[in-house]
Amino acid sequence: MKIYISADIEGVTGVCHWDEAGKSHPDYVEHRRQMTAEVAAACEGALAAGAKTIMVKDAHASGRNIIAGQLPPEAELIRGWSGHPYGMVQEITSEFRAALFIGYHSRAGSDGNPLAHTFSSGKIAYIRVNDKFASEFSINRLIAADLGVPVVGISGDEAICREALEADPHISAVAVQKGIGNSVVAINPRLSLEKIRTACQTAISDYPYKMKLAVPEKLQLEIRYKQHTQAYRASFYPGVEPVDAHTVSYRTESVFDLVRAKTFLI
Ligand SMILES: [Zn+2]
């Protein structure tokens, strides 16, 4: 059994400031260690559930955060970015039994995390897919679902866990912190490792795999930019239509087309 893990840092226990997510800042060291430990805990849960191989995508910023030697030997690690439109779930295929998202965070346009954003904290005011606000969770889950791979477990802030459970109540969700204004209330970082390990094991063992994964036949991507200049530039991508000075829309029937457009429009 092969398990896929996509890992971010803004939903890792205790992270509440960009300094803690930025490689060049001294505060980052402690938080990359916790990110690594949370991913290692997810790997241990997956192995306990019977996984034979695990592919981990380091999916924050440079893609060079996780300390590889601290993951179990069964885990392969994708570092950096290939440029493939699957992005945070690069190299995922239908061969994986299930996916786990670790360190995930609230979407752009929400208040669930001081660092709430969707793909780009600098450019994007919000993204919507089929008139629903989208998050990195929801778009990466759509890619996985298109390949028949269910997302069975997530850890991150309380609001993204709530979103995940609304999308699929069978997901095992571990809320490690709650965003309040510019702060977070976080559980103990050692407790979060225990919870993530247990939840990932249960998630992989107990998920109702026979349930059909819903992928809409028609997809509409709407991106609202912080700057009108970005929307003007984006309006030249083939098939993109301007909505207003800050917003563009793109329609397709293919998940791949949607994420390819997203890749070039952000
Ligand atoms: Zn990130």
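Me: Start with helix H2. Which strands does H2 lie across?
Reply: This is a predicted model. In it, H2 lies across strand E1 (2–7), strand E4 (98–104) and strand E7 (151–157). H2 runs at about 165 degrees to E4.

Me: Which strands does helix H4 touch?
Reply: Helix H4 (residues 189–206) packs on the sheet and touches E1, E4, E7 and E8. Its direction makes about 145 degrees with that of E8.

Me: What's the strand order in that sheet?
Reply: E3-E2-E1-E4-E7-E8-E9. The sheet is open, has seven strands and shows mixed pairing. Strand E3 (75–78) and strand E9 (183–186) are the edges, each pairing on one side only. From one strand to the next, the twist averages 20 degrees.

Me: How do E1 and E4 pair, parallel or antiparallel?
Reply: Parallel, over five bridges. Ile5 stands opposite Leu100 in E4.

Me: And E4 with E7, parallel or antiparallel?
Reply: Those two run parallel, joined by four bridges. There, Tyr104 stands opposite Gly156 in E7.

Me: How many residues of E4 are buried?
Reply: Seven of the seven, so E4 is largely enclosed by the rest of the structure.

Me: What about E8 and E9, parallel or antiparallel?
Reply: Antiparallel. Four bridges join strand E8 (residues 172–180) to E9. One partner pair is Gln177 with Ala186 in E9.

Me: Switching to H6. Which of its residues are buried?
Reply: In helix H6 (residues 255–265), they are Val255, Leu258, Val259, Ala261, Lys262 and Leu265. Seen down the axis of H6, these buried residues fall within an arc of 155 degrees, so they line one face of the helix.

Me: What covers the buried residues of H6?
Reply: The cover includes helix H2 (136–146), strand E10 (219–225), helix H5 (228–234) and strand E12 (247–252).

Me: H2 again. At what angle do H2 and H6 pack?
Reply: About 150 degrees, with their axes 10 Å apart. The crossing is left-handed.

Me: Which residues of H2 and H6 meet?
Reply: From H2, Ile139, Leu142, Ile143 and Asp146; from H6, Val255, Val259 and Lys262. The residues of this contact divide into five nonpolar, no polar and two charged.

Key. Residues are numbered from 1 along each chain as its sequence is written. This is a predicted model: local features need pLDDT of at least 70, side-chain atom pairs count only at pLDDT 80 or more; totals for chains, interfaces and linings use all residues. A residue is buried if 20 or more other C-beta atoms lie within 10 Å of its own, exposed if 12 or fewer, and partly exposed in between; C-beta atoms are placed from the backbone. The arc is that of the directions from the helix axis to the C-beta atoms. Two residues are in contact if their C-beta atoms, placed from the backbone, lie within 7 Å. Axes are lines fitted to C-alpha atoms, for helices over the stretch in contact, and angles run from 0 to 180 degrees between N-to-C directions. A crossing is left-handed if the near helix is turned anticlockwise from the far one by less than a right angle, and right-handed if clockwise. Ala, Val, Leu, Ile, Met, Phe, Trp, Tyr, Cys and Pro count as nonpolar, Asp, Glu, Lys and Arg as charged, and the others, Gly among them, as polar. Two strands pair if DSSP finds at least two bridges between them.
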